[in-house]
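Please take a moment to look over the sequence and the model shown below, and then follow the explanation with the structure beside you.

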Amino acid sequence: MPPHTEVPSETIPRVAIRFAGDSGDGMQLTGGQFTNTSALLGNDFATFPDFPAEIRAPRGTTFGVSGFQVHFANENIHTPGDIVNALVAMNPAAFKVHIVDVEPGGIVIVNSDEFTKGNLKKAGYEAGYNPLEDEDLVSQYRLFQIPMSRMTRESLAGGEESVRDIDRCRNMYALGIAYWLYHRPLDATLDFFDHYLNKQKKRPDLAALNEKALKAGYYFGETAELFATRYDVAPAKMPPGTYRKIAGNEAAAIGFVTAAQKAGKQLVYAGYPITPASDLMHALARYKQFDVKMMQAEDEIGAVCCAIGASFAGALGMSGTSGPGMALKAEAMALAVILELPLVVVDVQRAGPSTGMPTKTEQADLLTAMYGRPGEAPVVVVAPQSPADCFAMAIEAVRLAVHCMCPVVYLSDASLATGAEPWLIPDLDSIPAIKIEHPTAVEGEKFEPYARDAETLARPWAIPGQVGLEHRLGGLEKDEQTGNVSYDPENHDNMIRLRAEKVARAASVIPPLVVEGAADAKTLILGWGGTYGSIATAAQRLEQQGIHVARAHLRYLNPMPANIEQVLRQYDQIIVPEINTGQLAMLLRARYLVDVASINHIRGRSFQVGELVDEIKGLLKNDGQVKTS
C-alpha cells in the first residue's frame, strides 16, 4: 500500500455550506451541529434553515427537500450568504433543488447510492437522464460522488442494530466528511451524542452508532485521497465576552423571561400552535423556574383573551402567533386597547396570504400590526433586526407595554425566528429594571381608573380585588375619568385622541434613529426588521465600489423614532427594501410627504445581497437622483 499523502490546506476567509436531503434525512440536525462546532471555533456565522411545510412529504420528491445553510467566516458577517460554496446533497431531489445556488467551481458532494432510476424519477428527471453523467453540468463544479449509504452500512455492520437505525446515520457520515474538509473537530458533536442520545434519551446504542458514523465519514475524507485540498477558516475578531449560538425564537423567549424578572412580574404566555411561532411557546414552557406560566389555548382567540385576563390580574400577559392568527386576535387586541392594559403579541411573520408558504419568510404584516383592528385602535409596534436582537427587543416590548399601558406588537419573521448567529451574553445587572407602580387606595378619595399620568398619559394599573380600587372595565367606551360607560360624542372623540397620543408620546423613550455610512452620502437606504443583514452587507459592497450611501434601520415602527423626519429630509433620495409590496414605503410617503423608491421581493426568503446591490444601483442616476417610473 502506498504511503498516505497529507492533503494540503488552504486558508480562506469564509464558506457557505448547505446540507440538503429528504425531510427525514436529519439535515437540520446536521447543519445545527456544524454550526455549533463553528461557533466553538470562534467563527462568526449566520444560518438559514429551509424546510418543507408538509409534515412528511413523499420521500425523494423536490417539495420534500429539507436544507440547512451555514455561512461561517473569519470576519463579521450578517447573512447566510447568497452563493453556496459547498453543497452536500443526499439524494437527486436535493441535488436538483439546490445545485442552481452553487457557485461555478464550487464543491458538490453527493450520495451517489441514491441516484437510482426510481429516485431520479421521483425527483422529476426525464427517463434515462442522470445529472451525474451530464458532462456539461458536472464540468461546472468540483463534483465528488461518494456512496454514503453503502459506506455507512459497511462502517456500522457487525452489530445487532437494525438497517433502519443504521441508514438514519447517513447524515452523520456526511457531517464527518464536511468536518474533515473544513478542519472542524468532532468533540462537540460527540458530546451531543453522549448528552442527548445516551443520557437524555437513554439510547446508548444510537449514541454509539452515530459516533461510529461520524468518525467513519471523517476518516474517509482523510484516507480516500479524494479531495485535493482542505480548508481553514480562522476565528473572527469579535468583542471580548461569552458567546453562544442563538436562534431568534429562543432569544425572544429569554428576553421575555428577563423582562418579567426585571419587572418583578409573573409571565403568562397563552398561545396556539402555528408555524413558525410554535418554538417560542416551546421555549417559554421550559422556564417554569422563573415563574413563567405557559398555556396552550383551544384557539387563537382564546389564547389572546387569556393573555388579556392575565394582564388584568396583574401579570405580564403575552400571546404569540403568525399572520393568520393575527387576524383572529384582532378583535381582542382592540379590546386591550380600550381597556388600556399591557399586552405583548408576537407575530412571527410568514409568507401568505392564508396558509401561504408557512415555513418561508415575509414582511407583509406591517400594515396589519399598525391598523388591523376594528376602530381607531393604535398600538406600539417593534421589530428585531437579527436573531440576537430578538432578545433586546423582547425586553423593549415589555418595557413599552407597561410604560404606555397598551398592547405592543412584536414583529419577528421566519428568517429571524429559525436563523441563528453568535450572541454576546449581556451582563444582566446592566439591564435596567422595568419599574411598575400599582396604585393603592387612599381613604376618602374615589379611585379614578382612567386618571392619566401627565407625562405618559398612561392610566393606573390597578390590581383587582383590592378594597377602594373597585372599577369597571369592558369593551364599551369609557368616561374619561370614572371609566363608566359613556356614549357622549365629545368624550369618545377625546378618548380616541388620548389613546393615540399616548402611543405617540412613547417616542420620547425610544432611542433616535442611527444613520451609518458615508457622511457625504445623498442616498439613504432604510430598512426594518429581518432585512438588516442583507441591507448592511449590500451597503458595504456599494461602498467598496465607490458608491457612497447611508443606511438606517427601523426597530421601532409605531411610534417611529422622534428624529426620523429630520433624518429623511437630510437626503436627496430614500430607498426602502422590504419583503412585501411596499408597506413601509407607503407609511413614510403618507406621514412625511417624502419621495421613496421601493425595492420589493416576495419570494419567501430574504434579499440576496447581489440582487439588492444591482437593484439599488439601478435606481441611482449619475446625478445622484432616484429614477422614477
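Helix α18 covers residues 532–544, and because each of its 13 residues is counted at 1.5 Å, the helix should span 18 Å, which agrees with the 18 Å between its end C-alpha atoms. The expected span is 1.5 Å times one less than the number of residues, while helices (H or I, at least four residues) and strands (E, at least two) are DSSP runs numbered from the N terminus. The model is predicted, so local features need pLDDT of at least 70 and side-chain atom pairs count only at pLDDT 80 or more, whereas totals for chains, interfaces and linings use all residues. Residues are numbered from 1 along each chain as its sequence is written, and side-chain values use heavy atoms, with hydrogens and water left out.

Among the buried residues of α18 are Y532, I535, T537 and L542, where buried means under 20% relative accessible area, exposed over 50%, and partly exposed in between (1.4 Å probe, protein chains only). What covers the buried residues of α18 includes the elements β18 (523–528), β19 (550–554), β21 (573–578) and α21 (609–619). T537 counts as buried because its relative accessibility is 12%, and, when residues up to four places away in sequence are not counted, T537 touches H78, T79 and V609, contact meaning heavy atoms within 4.5 Å. After α18 comes G546, whose phi is positive, near 85°.

Turning to another helix, C306 lies in α12 (residues 300–312), and C306 is partly exposed, because its relative accessible area is 32%. Leaving aside residues up to four places away in sequence, C306 touches A270 and M295; the C-alpha atoms of C306 and M295, which are 11 residues apart along the chain, are separated by 9.0 Å.
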